[in-house]
Amino acid sequence: MDIRRFQPDNPTIAAIRKVYGPDAQLVSNGPHAFDWKIRKGQQLGNVDFSSVFKALHGPRFVAATFGAAREDWYAIDFDSGRNEILPVMIVANELFGDIARVRTAAYHFRSNILLAQAWYQRQMGRTFSVIGETMTIHSRSTGDQWNAWAHQTSLPNPVPPPPIPNRDVLLREQEGTLHRAFGRRIDTPGTILCVGVFTGKGLSASGFGAANNGIGGHFSGQTPLITEFRAQDYPETHQLNIAAAYSIGHELGHAFGLPHPDTRPDPKDPQSGYSIMGNPTNFFGKAILLNVEKSELMRSPFIR
Ligand SMILES: [Zn+2]
């Protein structure tokens, strides 16, 4: 993916004047990413970084933060993906101001994706690549709202069913948040977004369940817990550690094109019950990739 760090240098200033007029000045009045302002005469206004980056780098670029600090702005081109996983962390409204906590959660989220990456490597001698930093997205919703949506994914649907099934609510909210942030749907063939939410509610807030975008999407949704779980606090073989790798590995498996084993035509692999794409009887340490899954993954450009 083409990612370019924001610099308040001469070409950027020129782009800002193209967008905001020849007398516009870029100023920062604090350490946070949102502390950048445009000053015109006595007026201070917010910076529309996407417009600035389009003027600077071209129309395919949009603005994103990788963190929440002043220097964490980047111009990115989603359409130049090189078959990599991009960790994307949606941050609850009340937490985005806390630069240090956002940074820490982004680190833990990416570390947990790396658990799943190592799991695939052990299973089939190949795995996926993960982009080096976690993209962060400010959400207008609170941590409590996000946790409620995550909790809904584990509830059965009432009768008559709601317009959006309980288990899809979290995913719809995540997709809507990305759509609003970038002004476009994220359906690019060269990038899979692995999306989690930082709600700041700790490990008790929701389980390790997760949501997915059907088969072969460009988006894999994870529950909030995954941004706060700290694998290094537990032995490598601890059940929580294994569950984290399992849940991310399962959802990414869908994004790579794998179905649940019980939807495959007969004859079924006798090992089906142990597939990471099934639910290995709540004992995730037994999870494996079936031979049919390995050969399908070998055809995915994301597995190298
Ligand atoms: Zn599934």
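Helices (H or I, at least four residues) and strands (E, at least two) are DSSP runs, numbered from the N terminus. This is a predicted model, in which local features need pLDDT of at least 70, side-chain atom pairs count only at pLDDT 80 or more, and totals for chains, interfaces and linings use all residues. Residues are numbered from 1 along each chain as its sequence is written, and side-chain values use heavy atoms, with hydrogens and water left out.

**Stop 1: the zinc ion**

Select the zinc ion. Which protein donors does the zinc ion have? They are His250, His254 and His260, each through NE2, at 2.0 to 2.1 Å. Donors here are N, O and S atoms within 2.8 Å of the metal (3.2 Å for Na, K and Ca); water is not among the atoms, so sites may look incomplete. Along the sequence the donor residues follow the spacing H-x3-H-x5-H.

Now show helix α6, residues 239–255. His250 and His254 are four residues apart in this helix, so about one helical turn separates them. An α-helix has 3.6 residues a turn, so residues three or four places apart point the same way. Both His250 and His254 are buried. Buried means under 20% relative accessible area, exposed over 50%, and partly exposed in between (1.4 Å probe, protein chains only).

**Stop 2: two cis prolines**

Stay past α6 and pick Pro267, in the loop between α6 and α7 (291–298). The peptide bond joining Asp266 and Pro267 is cis, with omega about 0 degrees. Then jump to Pro160, in the loop between α4 and α5. A cis bond joins Val159 to Pro160 too, and its omega is about 0 degrees.

**Stop 3**

Colour α4, residues 143–152. Which of its residues are buried? Gly143, Trp146, Asn147, Trp149 and Ala150 are. Look down the axis of α4: these buried residues fall within an arc of 160 degrees, so they line one face of the helix. The arc is that of the directions from the helix axis to the C-beta atoms. The buried residues of α4 pack against β7 (84–91), α5 and β9 (191–198). Contact means heavy atoms within 4.5 Å.

Next, select α5, residues 169–182. Its 14 residues should span 20 Å at 1.5 Å a residue, and the end C-alpha atoms are 20 Å apart, which agrees. The expected span is 1.5 Å times one less than the number of residues. Buried residues of α5 include Leu170, Gln174 and Phe182.

**Stop 4: strands**

Show β2, β3 and β4. They form an open sheet in the order β2-β3-β4, with antiparallel pairing. β2 (25–28) and β4 (43–46) stand at the edges with a single partner strand each, so one side of each has no neighbour in the sheet. Two strands pair if DSSP finds at least two bridges between them. Strand β3 (residues 36–40) is joined to β4 by four bridges. Click Lys40: its bridge partner in β4 is Gln43.

Move to β5, residues 62–65. Val62 and Ala64 point one way, Ala63 and Thr65 the other, and all are buried. In a regular strand the side chains alternate between the two faces of the sheet. Four bridges join β5 to β6 (residues 73–77), and the two run antiparallel. Ala64 has Tyr74 as its bridge partner in β6.

**Last stop: Asn83**

Where is Asn83? Asn83 sits in the loop between β6 and β7. Its phi is near 55 degrees, a positive value in a residue other than glycine.
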